[in-house]
Amino acid sequence: MPNKTDYYIPAKFFVERDHDRCIRCQACVRQCPYEATFYDAIDDKITNIHANCVNCKRCEFICPTDCITVIEHRSKFVKNHTWPDDLIENVYEQASFGGIKLTGMGCDKKYPVYFDHILLNASQVTNPSIDPLREPMELRTFIGRKPEKLEFDKHGKLATKTHPQIELATPLMFGAMSLGSISYNAFKTLALAASKLGTASNTGEGGLHADFYPYGKTIIVQCASGRFGVSAEYLNAGAAVEIKVGQGAKPGIGGHLPGEKVDTLISTTRMIPEGTDAISPAPHHDIYSIEDLKQLIDALKEATEFKKPVGVKIAAVHNVAAIASGIVRAGADFVTIDGFRGGTGAAPWQTRNNVGIPIELAIAQVDTRLRDEGIRHLASVIAAGSIRQSSDLMKIIALGADAAYIGTAALMTMGCTLCQTCYTGRCAWGITTQNPYLTKRLNPERCSERLINLVKAWSHEMKEMLGGMGLNSIESLRGNRLHLRGVGLTDTDLDILGILPAGRQ
Ligand code: SF4
Ligand code: SF4
Ligand code: SF4
């Protein structure tokens, strides 16, 4: 077996400490879950193993004298344009352990972020803008199948049969994150915030712990290939059911929660024995065609007495529009498309960085296809995967989504610093860990207030931008690509996005 002396990996980060200001309180030692900080009793000095540091920033945050700064390490691999640092590191690491390199969060490679090449419109003189402080502005969004047209009887009463809907106060939900991949307190933060905001959180594939049944009206329950925690009671506890087929960060790959993380809490929620691996196979073993998927959709609708919308979540891949069309024709009330920059607790590094397509292109293509086929009203479209700010949300809605999930931004309100080591189960902020010493760092009541603030802020900004466009409801923006213009995009990009270049009327 090779040992550490067989190859060279410089530390990625360097923990600088002003020893004159350090009061040796050792808070940084206790707070570092990555064994990167130690107290040297002989010299009465705090010291670091820089190679273990993942730049989670917990020590910087906790230090009472602000004497820590974590910086990028000065020593790098030999510079080579063909071989960037991370590829060299990957070869050394894999030559050492012979396995799949894992990572957490979403793709951080320099692929184009189309959101940053799209601009929104605003009214001037004609079709004047609307002041959202003085005039009503509607962000309410309904997720579910809509009738083609509405008919009324002779008494003016609605005669058209309507389908079950989820009503959202704002077109923003919290994406699927299972109890197990995130801590109880992180799960509670999302559930609390969603219920106070009148939007929805999502169980992910890990079931719903009994403590969260009271929040069911604002929780979408997932049914994934592992069927963890799925029972009639569970399906009926939620506001809607989402069949998980794929995930943006790892299209075509299943999930795996190692047995050591399956404690009593996770085992009772997922309905599996304590200490056993929770494996979600990549495919649903009963789905090999759209007809098979239709059977599962029908079964879930029957199990919920046709009172809940049933949707399907897929990863954004090359033929996403055709797949979405099939899903809608199979009877799904909503389709969730998860873009390749979407976050995850754990994914193979190669898959996360190289598989899938950006959400902007996927939503534009799905919306176009469903409209061309005359079936756009049959299902809502939910976007996920790297919605970073309110303008991204506006742009994805104008490209064709009804609403979007946020995941990474929601975790950032709990302290997430994007250190990408969620898969280690040692999250210093108590988010992606089941370690009780770490999870108690996250206060669900306080963090849910921060998350509520974020969503409120984005909602205010959306109202401002909508008013600026002369629109008074978010529904008027959906798929309205005339309000978008592209900058620095190729003709092909513009064609796929279905938008005009900036400067063109
Ligand atoms: S937390 Fe700050 S003051 Fe306390 S031991 Fe660490 S570096 Fe020194
Ligand atoms: S891993 Fe986090 S807590 Fe530990 S030294 Fe690095 S930044 Fe500080
Ligand atoms: S959730 Fe925790 S481990 Fe994952 S990226 Fe955020 S801070 Fe790092």
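How do the residues of the shell around ligand 1 divide into nonpolar, polar and charged? In this predicted model, local features need pLDDT of at least 70 and side-chain atom pairs count only at pLDDT 80 or more, whereas totals for chains, interfaces and linings use all residues. Residues are numbered from 1 along each chain as its sequence is written, and chains are lettered from A and ligands numbered from 1 in the order in which they are written.

Ligand 1 is surrounded by 14 residues, the closest being Cys22, Cys25, Ala27, Cys28 and Cys63; a residue is near a molecule if its C-beta atom, placed from the backbone, lies within 6 Å of it. This shell comprises 10 nonpolar, two polar and two charged residues. Here Ala, Val, Leu, Ile, Met, Phe, Trp, Tyr, Cys and Pro count as nonpolar, Asp, Glu, Lys and Arg as charged, and the others, Gly among them, as polar. Around ligand 3 there are 15 residues, with Cys416, Cys419, Cys422, Cys427 and Ile431 the closest. That shell holds 10 nonpolar, five polar and no charged residues.

Strand β11 (residues 219-223) is mostly covered, five of its five residues being buried. A residue is buried if 20 or more other C-beta atoms lie within 10 Å of its own, exposed if 12 or fewer, and partly exposed in between, with C-beta atoms placed from the backbone. Helices (H or I, at least four residues) and strands (E, at least two) are DSSP runs, numbered from the N terminus. In a regular strand the side chains alternate between the two faces of the sheet. In β11, Ile219, Val221 and Cys223 lie on one side and Ile220 and Gln222 on the other, and all are buried.

Strand β11 pairs in the parallel sense with β10 (residues 201-202) over two bridges, and two strands pair if DSSP finds at least two bridges between them. Strands β11 and β12 (residues 240-244) also pair in the parallel sense, over four bridges; Cys223 has Ile243 as its bridge partner in β12.

Most residues other than glycine have a negative phi. Met105, in the loop between β5 (102-103) and β6 (118-120), has a positive phi near 65 degrees. Met105 counts as buried because 25 other C-beta atoms lie within 10 Å. Leu418, in the loop between α12 (408-412) and α13 (436-439), likewise has a positive phi, near 65 degrees. Leu418 has 17 other C-beta atoms within 10 Å and is therefore partly exposed.
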